[in-house]
Amino acid sequence: QGAIVQYRRALEIDPQVPGAHFEIGQLILTDSTAEPARESAEKEFRAALFADPRNAESVYMLGEIQWLRSKPEEALAFYKQALALNPAYVDAHIAAGKALTTLGHPDEALQHLLEAIHLDPQNEVAHYRLSEVYRRLGRTQDAERELAAFRKLRDSHSPLRALYQQVQERSVRQQTVGSDEPQ
């Protein structure tokens, strides 16, 4: 909430602060994904797009809001628009694959997920979603291979996640000042 207040203050001083509306939208959804929060975040992402119509991340987030509303067709339209703006947007490829799978188009989903893995071979979510698509297509061996890749990546990322969690739990003062240094 404090960060949102600061971004809003910055926008009062300069309504053209790059990225402020996008960041506010992200923070709103981090706090809550209930419908009132979705509506508020949607306004921020639309404001970000007004300032920069080529902002693929804001378009993608509008898709995520539609996904949260259980509207996969509308979500897919935004994901495809984000990809038109940035064809190398890995998360948009994964999301398009997710939506296409839900809509019963695993062949189309397959292309997006293969592209996501091509762009980011270490993306565990892409491997997991690809395993789901292969399973739907009856390609059991491929599904098992991708599920194994997902598990291997997830397990390799676990120590990093644990370290990140430790850093987040410590106060900045404890991180930057040793016990033998003046406080």
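Predicted model: local features only at pLDDT ≥ 70, side-chain atom pairs only at ≥ 80, totals over all residues.

Student: What share of the residues in the protein is buried, and what share of the contacts joins residues 24 or more positions apart?

Tutor: Of the 183 residues, 38% are buried. Among contacts with a separation of 6 or more, 41% are between residues 24 or more positions apart.

Student: Which residues have the most contacts inside the largest nonpolar core?

Tutor: The general idea comes first. In soluble globular proteins, nonpolar side chains tend to be buried together. In this model the largest nonpolar core has 43 residues, and Phe-45, Tyr-60, Tyr-79, Ala-82 and Tyr-89 have the most contacts inside it. Two or more residues of this core come from each of helix 1 (2–13), helix 2, helix 3, helix 4 (56–68), helix 5 (72–85), helix 6 (90–102), helix 7 (106–119) and helix 8 (124–136).

Student: What does Tyr-60 touch, not counting residues up to four places away in sequence?

Tutor: With those residues set aside, Tyr-60 touches Tyr-79, Ala-82, Tyr-89, Asp-91, Ala-92 and Ala-95. Of these, Tyr-79, Ala-82 and Tyr-89 are also among the residues with the most contacts inside the core.

Student: How many salt bridges does the structure hold?

Tutor: Side chains of opposite charge can pair when their charged atoms come close. The structure holds eleven salt bridges. One of them joins the side chains of Arg-69 and Glu-42, at 3.1 Å from N to O. This pair links distant parts of the chain, since Arg-69 is in the loop between helix 4 and helix 5 while Glu-42 is in helix 3, 27 residues apart.

Student: Why do Arg-69 and Glu-42 count as buried?

Tutor: The cut-off for buried is under 20% relative accessible area. Arg-69 counts as buried because its relative accessibility is 18%, and Glu-42 counts as buried because its relative accessibility is 15%. Both residues also belong to a network of salt bridges that links Glu-35, Arg-38, Glu-42, Arg-46 and Arg-69.

Student: Which salt bridges illustrate partners within one helix?

Tutor: Two examples may be set side by side. Glu-132 forms a salt bridge with Arg-129, and the closest N and O atoms are 3.4 Å apart. The two are three residues apart in helix 8, so about one helical turn separates them. Glu-132 is partly exposed, with a relative accessible area of 29%, and Arg-129 is partly exposed at 24%.

In the second example, the side chains of Asp-142 and Arg-145 meet at 2.7 Å, N to O. Both lie in helix 9 (residues 140–169), three residues apart, about one turn of the helix. Here Asp-142 is buried, with a relative accessible area of 17%, whereas Arg-145 is partly exposed at 44%.

Student: Is Ala-20 buried or exposed?

Tutor: Ala-20, a residue of helix 2, counts as buried because its relative accessibility is 0%. Leaving aside neighbours within four places in sequence, Ala-20 is in contact with Tyr-7 and Leu-11. Ala-20 and Ile-4 are 16 residues apart in sequence, with a C-alpha to C-alpha distance of 9.1 Å.

Student: What is the phi of Ser-70 near?

Tutor: Phi of Ser-70 is near 60°, a positive value in a residue other than glycine. Ser-70 is placed in the loop between helix 4 and helix 5, and it counts as exposed because its relative accessibility is 62%.

Student: How many residues line the largest pocket, and which lie nearest its centre?

Tutor: Rolling a probe the size of a water molecule over the atoms shows where empty space is left. The largest pocket holds about 190 Å³ of space. Its lining has 14 residues, with Val-17, His-21, Ala-47, Ala-48 and Ala-51 nearest the centre. The lining divides into nine nonpolar, four polar and one charged.

Student: Which helix gives the most to this lining?

Tutor: Helix 3 gives the most, with four residues. Helix 2 (20–31) and helix 3 (35–51) each supply at least two residues of the lining.

Conventions: Residues numbered from 1 in each chain as written. Heavy atoms only, no water. 1 Å grid on protein atoms, 1.4 Å probe; cavity = no way out; pocket = protein on both sides within 12 Å on 5 of 7 lines; lining within 4 Å. Points joined across faces, edges and corners; volume = space filled by probe spheres on them. Nonpolar A, V, L, I, M, F, W, Y, C, P; charged D, E, K, R; others polar. Core = buried A, V, L, I, M, F, W, Y, C linked by side-chain atoms within 4.5 Å. Buried < 20%, exposed > 50% of the residue type's maximum accessible area, 1.4 Å probe, protein only. Contact = heavy atoms within 4.5 Å. Salt bridge = Lys/Arg side-chain N within 4 Å of Asp/Glu carboxyl O.
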